[in-house]
Structure formats: C-alpha cells, structure tokens
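Visitor: I have a model open and would like to learn how to read it. Could you take me through a few features?

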Amino acid sequence: MGRLVLPLVLLALATAPSPALASSRDVAATHTAIVAGYALARAGVATINVAQAKIESFDRKLAAECPGVGSGTPENEASQPMSHEVAVALWSIAYGSAAGPIKRFATAIRPLRWTSARINRVARNLVANLTALATIPLPDLCGDVRAWKASGFTTIPRHVAELVSRVESLGLPQIPWRLLSRYMRGDDARRVAYIRRAERKIAEAEFVKGQSDWYLVLQTLGLPP
C-alpha cells in the first residue's frame with residue numbers, strides 16, 4: 001500500500017467547441033476551478049519534500065518509542081489491518097502537510113455550480129474526499145500494535161479496523177477535463193498543462209518513495225507487509 005501525496009487524476013483534453021455553446025456560468029465556474037486546481041497543484045509539488053521529511057521524522061520517533069513492538073505478528077490476512085494502519089498514518093502526514101492548500105481549494109470549489117450534474121457530482125466528491133484525507137487523525141501506532149500483541153495477535157482493535165475502512169473508501173474521482181474543456185478560455189489550458197505536469201511529478205515521487213516509506217515503518221514496528 002503506497003503513500004499518496006496529492007494525486008490529481010487527469011484526462012486528455014478535447015478540442016473546445018465554439019464559445020456560443022457554453023453558458024457564462026459554466027465558463028466562470030470552470031475558470032475558478034482551474035485557478036484553484038493550479039494553486040493546489042503547485043502546493044502539491046512543494047509538499048513532496050515537506051511530507052517526506054515529516055515521514056522520516058515520524059519513523060525515527062517510532063524507532064525510539066516502540067522498535068519491533070509488533071515482532072511475532074503472523075503473516076496472514078487477519079493481520080493486514082495493522083499494516084494498513086501504517087499506510088493510513090503516512091496518508092495522514094502527507095495529506096495533512098497540504099491541509100492548508102486543500103482547505104483553500106475546497107473553499108473555492110464548494111460554491112461553484114455547472115449545468116452538468118456529472119461535473120457538480122465530481123466537484124462535490126473531490127472536495128469532500130480531499131478534505132477528509134487532509135484531516136485524517138494520526139493513529140497511535142505504538143499503542144495500537146501493543147494492543148494487537150497483547151491479544152496474542154488475535155484481535156484487531158476496533159478503532160483500527162474502522163479507521164482503515166473509512167480511509168480506504170476515500171477514493172478521488174477523475175476530473176472530467178474532456179467535458180470541462182469546452183468551457184476553457186484564456187490561460188485555462190496553460191494552467192491545466194501545468195496541473196498535468198505536476199500530477200506526473202507527484203506520481204513519480206509516490207512511486208519512488210511511497211512503498212519504501214511504508215516498508216521502512218513496517219520494519220521499524222516489526223510488522224509484516
């Protein structure tokens with residue numbers, strides 16, 4: 001289970017039709033959304049190193065407080081929520097590092113309305129799930145793994161299972177750029193091009209560091225992947 005810094009899922013752009021086909025409300029809402037998304041993308045890139053430093057500090061803290069606390073955990077399906085909680089902790093740190101930009105993005109997007117029900121639905125879901133990810137409480141990994149071990153590795157703490165289930169349900173919807181492209185004007189396409197580049201950079205950082213961070217913390221705690 002990898003770390004997600006700030007994923008922005010994008011689709012290819014289509015050729016924009018005549019401005020006469022777009023309502024002024026759709027054009028204005030799209031421009032506002034793209035400006036907000038551009039700011040969020042810039043913050044997402046800036047957050048990569050910040051989040052990484054915080055995760056490395058978090059691992060050092062665990063190494064000092066409860067090294068190998070989960071030693072002896074069986075490598076089976078029943079123990080997976082404990083290793084998944086480690087991923088939740090990493091998401092908490094990563095998304096929490098961008099909590100301010102995510103809040104500003106959400107504030108800009110919430111009032112917007114398009115004539116397309118699909119776009120409105122995606123916008124609502126994106127804001128709700130990003131906000132939820134940015135406010136994930138950092139779990140007490142040392143305490144939770146100790147409780148797991150005290151049960152003889154038979155009982156996952158209830159709050160751990162609930163937290164993992166809740167966070168894993170927070171998928172980020174694909175932004176329908178192909179549909180939005182008809183409403184783009186001026187510098188909107190340039191901003192979207194930057195968002196696409198930022199998304200690739202963030203994805204590369206996740207690929208390079210995400211899995212290794214997860215394995216590092218699991219090793220520190222003595223948990224299997």
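Visitor: Among contacts between residues at least 6 apart in sequence, what share joins residues at least 24 apart?

Guide: Contact means heavy atoms within 4.5 Å. Here 91% of those contacts join residues at least 24 apart. Note that this is a predicted model: local features need pLDDT of at least 70, side-chain atom pairs count only at pLDDT 80 or more, and totals for chains, interfaces and linings use all residues. Residues are numbered from 1 along each chain as its sequence is written, and side-chain values use heavy atoms, leaving out hydrogens and water.

Visitor: How many helices and strands does the protein have?

Guide: Both are DSSP runs, numbered from the N terminus: helices (H or I) need at least four residues, strands (E) at least two. This protein has eight helices and zero strands. Its C-alpha trace spans about 70 × 30 × 25 Å along the principal axes.

Visitor: What share of the residues counts as buried?

Guide: Buried means under 20% relative accessible area, exposed over 50%, and partly exposed in between (1.4 Å probe, protein chains only). Of the 225 residues, 48% count as buried.

Visitor: How many salt bridges does the structure hold?

Guide: Side chains of opposite charge can pair when their charged atoms come close. A salt bridge needs a side-chain nitrogen of Lys or Arg within 4 Å of a carboxyl oxygen of Asp or Glu. The structure holds four. One of them joins glutamate 65 and lysine 61, with the closest N and O atoms 3.1 Å apart. These two are four residues apart in helix α1 (residues 24-65), so about one helical turn separates them. Glutamate 65 is partly exposed, at 43%. Lysine 61 is partly exposed too, at 45%.

Visitor: Which residue forms a salt bridge with arginine 191?

Guide: Aspartate 188 does, with the closest N and O atoms 3.8 Å apart. Both lie in helix α8 (residues 188-221), three residues apart. Arginine 191 is buried, with a relative accessible area of 16%. Aspartate 188 is buried as well, at 0%.

Visitor: How far from glutamate 85 is the nearest side chain of opposite charge?

Guide: Lys and Arg count as positive, Asp and Glu as negative; His and the chain ends are not counted. For glutamate 85, that nearest side chain is arginine 166, 9.8 Å away. Glutamate 85 is buried yet has no salt bridge. It lies in helix α2 (residues 80-97). Leaving aside neighbours within four places in sequence, glutamate 85 is in contact with Pro139, Leu141, Asp144, Val160 and Val164.
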